Amino acid sequence: MNERPRFDWLSAIKIGLLGGGVALFLCLVGLIEASDRRPIIPGVLSMGQTLLLLTLVLFAYLAVRQAKANQENVPRAWLVLSGTLVGLMTNAFLAALVLIGGWIDLRAVFVNASPALYDILTLGLGTGLGLIVLLLIGAVVGAAIGATLSLAESYQRAILLGLGLIPIIAILNSALFAGRGVSILGAILILLVTAVSSLLWSRYQDRVKERIEALPPRQHRSLAFGVRWILPAAVVLSFPILGAYPSEVMNEVGRFLLMGLGLNIVVGFAGLLDLGYVAFFAIGAYTMGVLTSPEMTWLPFHLTFWEALPFAMIMSVLSGFILGIPVLGMRGDYLAIVTLGFGEIIQRLAISDWLKPYIGGSNGITLIPKAAIGPIRFDSPQTIYYLFLAGCVLAAFISQRVKFSRLGRAWMALREDEDVAEAMGIDLVRTKLMAFATGAAFAGLSGAIFASKLASIYPHSFHLLISINVLCLIIVGGIGNIPGVIVGALFLVGLPEILREFAEYRLLMYGAALVMMMLLRPEGLLPEARRRLELHEEMGAGD
Amino acid sequence: MLQRLKRRLSWTTVSMWAIGGAILLVVIVGTVLTLSSGKYKASEWLDLTINGLALGGIYALIALGYTLVYGILRMINFAHGDIFMAGPFAAYFVAVAFDNADYFGGDAMLEIVALVVIMVFAMLVSTVLAILLERIAYRPLRRAPRLIPLITAIGASFFLEYAFRGLFGSGVKSYPEVSILTGYWVILGIRILRIRVVVIVAAILMLVGLYVFVQRTKVGKAMQAVSEDKDTAALMGIDVDRIIVITFLVGGALAGAAGVLYVLMFRQVTFIMGFMPGLKAFTAAVLGGIGNVVGAALGGFFLGIAESLFPNLVLDGLGIPAPYQLRDALAFVLLILILIFRPTGIVGERLAVKKA
């Protein structure tokens, strides 16, 4: 019965077609050209080229893994062959684009099919030589991936990690510190250092772990405490030393993280899909603005930031109740659409001429004062950072404590099955309203700090897209899990904030991330153990 | 215990009705005030109503896509609004080609040919996209918990919008002017914009066509069977996967057609234009009772007229400046009201509260 192993042409070609399609899409949608200005290794490699390389690597990797999975003991040459094939096919699509684009002007339909793009693809070598080089790169990179994956696991990891770190360090350097990527020498150094340390780690990790285990319990405990609490706290607290721009990036992360923690309670804990979450953020910001700005002459008094803060949160909580009551009986999809409608209503009201005398209409509210404690004024990105930090720590602490309380367990019961939860004696009305109110409070807090940070608010800052953004970050990070929400905020808010040239493509990537996440890993990057079980059980057994 | 539960329930019901009643009262007071002020003439009301009918026809066509998919998969295809955008957006390039070839010069025959080609092309694009969407994004998730397909659909919606923006540019593109559709017709002594007549007639024809398709044909009956009970339908020899694909096909084609009508009315396309009509059409589907074909059509027309009339009728009387700004907000208030008072919609089974 020993069938002679055969090379699986079909799956390699399928993956190659897919890779070509994705690469073509990246080019035509304008991502490559937009990111070409940022150098990774100046003079050698730009961000745009790195993206194309990453596509190559990804699809070659998928093809080689597929080839490995299909049969045992695949000859090494086959791995290299399937990598080469996929690499070649992927770049052949791009070559075809350049050829067709040189023949007819595609710009009448595809706005990004410009000579500049063709120049990037052919590396500025002209059509003839450039296309040959392009195909060659595809084949070589594909072959290299095939060869790498036929090595032992520890070597694979060392090489991929080293290569992966180069663009990451380069981007951080150019984005945060106005540098210009990394030099060739630097890149080689990064590759060597990471590869060697990764190899050393995989060889000696057992021994290191043993040594730590063997420490006397007191020392062991203090080491664990240091690693788990003091180190992160020191990093987080000293972050503003890096300067205004990195702090500004972190403030955006903090703003969304605070909302994410709130929405995590509503969606993650209680399972109520709220698409109008931005409304509470807006209400917090507007309450802060109206109560503190001297522009609001219809109010006989003006408060300071700290006096207005509780009101901002109270207003958000109240609106949480008001939204909560009519939707108590609704489930799932209906709830999602009604909350979305609620968010839209709030934004339309904010922008309307009707309420203009009271909340500024489309002109917004300006002259919102900064917060201050005694002589310390929170007026620079570095100081406002601490406001957001305090808010996030508070929200994370409350979430973590509530999660395993009676209320938290009631939320989770609700999420899993409303009818059973009710039968178990859980008061649905109270539990649901509490979820909406707690979530709204965090959003209101975030909105209030946001208003004071910008000193002015405009209705268009409260677009529905904010709700989607927040939803996205908790889903990608790992819904229901607080570390997951933090990771999600760092990735989905911090990263686009650093890579400014991608601003236009932010939602494109969010959309793709949501779909991919739901298809491949619905529990998120850092899932809550329990949620993961739930999802996989249901996915397996059906409902 | 039971006593307490009863008290709680009545408390929430009472507050719900109170909110609903307050809104209703405002609506009635506003209407009476506007009508008694006599600010608008009868002809203006008529004009608004006909505008609402045209808009409503478009909503109805989109709403059918939501209702058909919901009826069968019990999921809100959030990306349906973008399917609606994709057809006319792609057909824009065909329209420009026709314009360059001088088809829109005033010759009625040539214009009709061009319009038919544009319509067919748009329907084709929307249909293909809808089927791809089902195949790639929704089919693998058919057995997943319910929120997962919804989140996927939201992701797909944003992906489609911004992919179109990236591929074809973010600017507003103007459709060429079609001379046979500009100007007025006088019908029964009323001057009506030609385009509105065409939109209303086309929408009604398609709605009737769909009704006949669902009620009379074998495939339509199979669709009904699948929406009733998938497993039993499969046992009866119905290929459920095929029926689901056909549902997306029909929904996509209707959305594409609605998109062309919309574009002929407003004469411009942008990547974001599907979002609001999509939401409104969903509202219309809920208004009519989601899952119900006739309901979706009625809901669409009702929402169209309400949206066209209400800002002037209700808000003007209350002395609210620039009432048209609150048009979209009104549509959502209407949605919330319907879900409070009549979650079943105008015609339809009680789904909003039923076990999700």
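**The interface of chain B and chain A**

In this predicted model, about 5,500 Å² is buried between chain B and chain A, and carbon and sulfur atoms give 77% of that area.

User: Which residues of chain B lose the most area to chain A?
Analyst: The contact takes 63 residues from chain B and 56 residues from chain A. In chain B, three residues together account for 11% of what that side buries. They are B:Ile151, B:Phe158 and B:Leu167.

User: Which side chains meet in a salt bridge at 3.4 Å, N to O?
Analyst: Across the interface of chain B and chain A, the rule finds 2 salt bridges. It takes a side-chain nitrogen of Lys or Arg within 4 Å of a carboxyl oxygen of Asp or Glu. The pair at 3.4 Å is A:Glu504 and B:Arg165.

User: Which helix gives the largest share of the side of chain B that touches chain A?
Analyst: Several helices of chain B each supply at least two residues to that side, among them H1 (2–37), H4 (108–138) and H5 (147–168). The largest share is 16 residues, and it comes from H5(B).

User: How many nonpolar residues does the side of chain B that touches chain A have?
Analyst: By class, that side has 7 polar and 9 charged residues. Its count of nonpolar residues is 47.

User: How far apart are the end C-alpha atoms of helix H12 of chain A?
Analyst: Helix H12 of chain A covers residues 305–327, which is 23 residues. At 1.5 Å a residue, the helix should therefore span 33 Å. The distance between its end C-alpha atoms agrees with this: 33 Å.

Definitions and conventions: Residues numbered from 1 in each chain as written. Chains lettered and ligands numbered in written order. Predicted model: local features only at pLDDT ≥ 70, side-chain atom pairs only at ≥ 80, totals over all residues. Heavy atoms only, no water. Contact = heavy atoms within 4.5 Å. Buried area = accessible area lost by both parts, 1.4 Å probe. Helix = DSSP H or I, 4+ residues; strand = E, 2+ residues; numbered from the N terminus. Nonpolar A, V, L, I, M, F, W, Y, C, P; charged D, E, K, R; others polar. Expected span 1.5 Å × (residues − 1).
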